[in-house]
Number of protein chains: 2
Amino acid sequence: MKNFTFYIPTKIIFGEGTIPKIGQEAKVFGKKALMVYGRSSIKKSGVYDVVKKSLNGAGLEVVEYSGVRPNPVLSHVLEGARLAKRERVDFVLGIGGGSVVDEAKSIALGVHADGNLWDYYAGKATVKSALPILAVLTLPATGSEMNHFSVITSDVTRQKVGLGDDHLYPKVSILDPTVTYTVSKEYTAYAAVDVISHLIEGYFTGKDPWTPIQDRFVEGLVRTVMECYERIIRDPKNYQGRATLMWAATLAWNGLGTAGIGDFGVPMHMLEHPLSALYDIAHGAGLSITIPAWMTWASRKDSRKFAQFAQNIFNIRAESIEEAAQEGISALKGWFDEIGSPTSFKAAGIPAADIEKIAENALELAKVWGLHEYTKELIIELYKLCV
Amino acid sequence: MKNFTFYIPTKIIFGEGTIPKIGQEAKVFGKKALMVYGRSSIKKSGVYDVVKKSLNGAGLEVVEYSGVRPNPVLSHVLEGARLAKRERVDFVLGIGGGSVVDEAKSIALGVHADGNLWDYYAGKATVKSALPILAVLTLPATGSEMNHFSVITSDVTRQKVGLGDDHLYPKVSILDPTVTYTVSKEYTAYAAVDVISHLIEGYFTGKDPWTPIQDRFVEGLVRTVMECYERIIRDPKNYQGRATLMWAATLAWNGLGTAGIGDFGVPMHMLEHPLSALYDIAHGAGLSITIPAWMTWASRKDSRKFAQFAQNIFNIRAESIEEAAQEGISALKGWFDEIGSPTSFKAAGIPAADIEKIAENALELAKVWGLHEYTKELIIELYKLCV
């Protein structure tokens, strides 16, 4: 166990019918809200009306800012920050999935940023403050509702970069699983992949040889995510499946699985970000390509943790740990195929000829995130496993 | 999954050499500390000097209040609260195990209480505020360092009652596993029992039929606690064992294992509190008596969860779920025997003739905690299984 600090000051309000609480929770943070969302889906689902009614009922003034896209871009953040400044809002409320919450965080930071907002993402400036952030989650996957990360893509460089800072913890996040009933089969699959990716980055890259708390936490959640998916596919309105997936997604990337494991990397995310940034595919769809590729490469150096994963997730026992590891990776890849999340460039429509360009983009990210062992040659080798 | 609110605003600073950070962390909360501790152990271990130096180095004034006993009593709390008021301290810092942290919380509450402090514990008054609470933990077991509970015993009635309120979350808790190297074999065993008890109360009494996140979290931690104990017994200075046990103890009772399971009871604690209150035995030593007794009784009504426990903790598979359940309970009781924590009244020196008196005490607690199915007759029946 390595030294760590663990601190999540986010209040989670979880369950069916909890969204009407947003007004009472929000009014603690001021009188005027910037309400950030995507396009029409929260209006179709009725979440928009419930939130507006609750905010108005609590006497709050609301400024709306919509149009957040999957893989949210800096230009839209900056426009939102200008609006928030002009309107002198007291806090930012994101209503949507991880992209919306990430953009809400970025706007909250942008309002207080004195200089170039991108400098924070590029690791060139340190966050000093941000407006309070609140969230009503409609698509579980990224864990942004209970963590301090915000991932934004630069329109100019097409760099998709994550920033982590304690000022970016939402004050309150409301999670009502029933609003996820309408999430498509496709996006439920991508969400499941994303949640699994968050769980296994630290699990496979941590250096501490004995971390039973964290390993079991991760393994338990990976199995749970798979079980939830099966329930949801049989019945999209299975409350237990939707609710359990939603809470698993939140727990998967709030620091619990990595507290005490020491330094760890996020190479599977580093390899994925260029894919969703350059080809605008879903983050989960990119991850189901990069995860098996990276695991295959990494397990060649040391199979032990991959064999443990194979055994504890898929009940695989083989002649050797090398075999077990390979069978486990195949089983995971097979599961991604089964749920319809692409496992190759070809399946996602990404041209193999672009590897050089994609690798350049990934290399920049590897530098920002301190993944120094990932040279351009190695990144190209890894992408070749993705083709 | 049932609706829940999850909110733990405690900052945990974990690891070797972290105690000198207390001064910097504490000065955010004021200029004058009430430093609460037990007797001589923190002086012998050197923790006292490290804390004093850090507080003084941060320019803080320190008022000391020592003499906290295991199963801390109300009269000592009230004296501490009077001192804290008279000295106008800004916050309360507990240095010790769960008893010290619980008393520090109670003092912090007592300073702000307008009326009778015990009313809060008796469920007759609602907490409105408390001084900020900080902790330096020297004995992991109760989880008080990251939860909102405080357990105090009335000198008058010998009622040992727990109060839960969000004002009682410590602001900061520092956990350095190396200070637990000197915890005796005996107290390490009691701590292990206590941690397991926190994990299984909700696990066995929750009503939701499908809670894979929480079940796996609990099962993983129970196994981990047992593994830690084995490591520590072989080598009391095994850092990984001590550190993992410490973090497991904190996670076991901070609400993670019970979030989403709905209403649950704490019958094994209800049965134990009278034992430690009346006979001044260690809380863990009382629990290793009440846990197998309650499990035996409860599994007769429905064996399923007990069979799951048997399988996932002890790899037990039997002909029937009833048999599996019984074998699992025997295995747990056997483990308690093995580590030297008593599993009967006789082993703990509690007279069987006192059952009536003990049951009266437990019944009061059952009322305060809303465990209405536990009538005096049932409680006596359960204590008979303890003899």
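This tour visits the interface between chain A and chain B, then a helix pair within chain A.

The model is predicted: local features need pLDDT of at least 70, side-chain atom pairs count only at pLDDT 80 or more, and totals for chains, interfaces and linings use all residues. Residues are numbered from 1 along each chain as its sequence is written, and chains are lettered from A and ligands numbered from 1 in the order in which they are written.

Display both chains first. Here 31 residues of chain A are in contact with 31 residues of chain B (C-beta atoms, placed from the backbone, within 7 Å). Next select strand 1 (4-14), helix 8 (212-234) and helix 9 (239-252) of chain A, each of which supplies at least two residues of the side that touches chain B. Helices (H or I, at least four residues) and strands (E, at least two) are DSSP runs, numbered from the N terminus.

Keep strand 1 of chain A, which gives the largest share of that side, 10 residues.

Now return to helix 8 and helix 9 of chain A. They pack at an angle of about 150°, with their axes 8 Å apart (axes are lines fitted to C-alpha atoms over the stretch in contact, and angles run from 0 to 180 degrees between N-to-C directions). The two helices are therefore roughly antiparallel (over 145 degrees). To view their contact, select residues including A:Leu221 and A:Val225 in helix 8 and A:Leu245 and A:Ala248 in helix 9.

Methods
Two residues are in contact if their C-beta atoms, placed from the backbone, lie within 7 Å. Angles under 35 degrees count as roughly parallel, over 145 as roughly antiparallel, 65 to 115 as roughly perpendicular and the rest as oblique.
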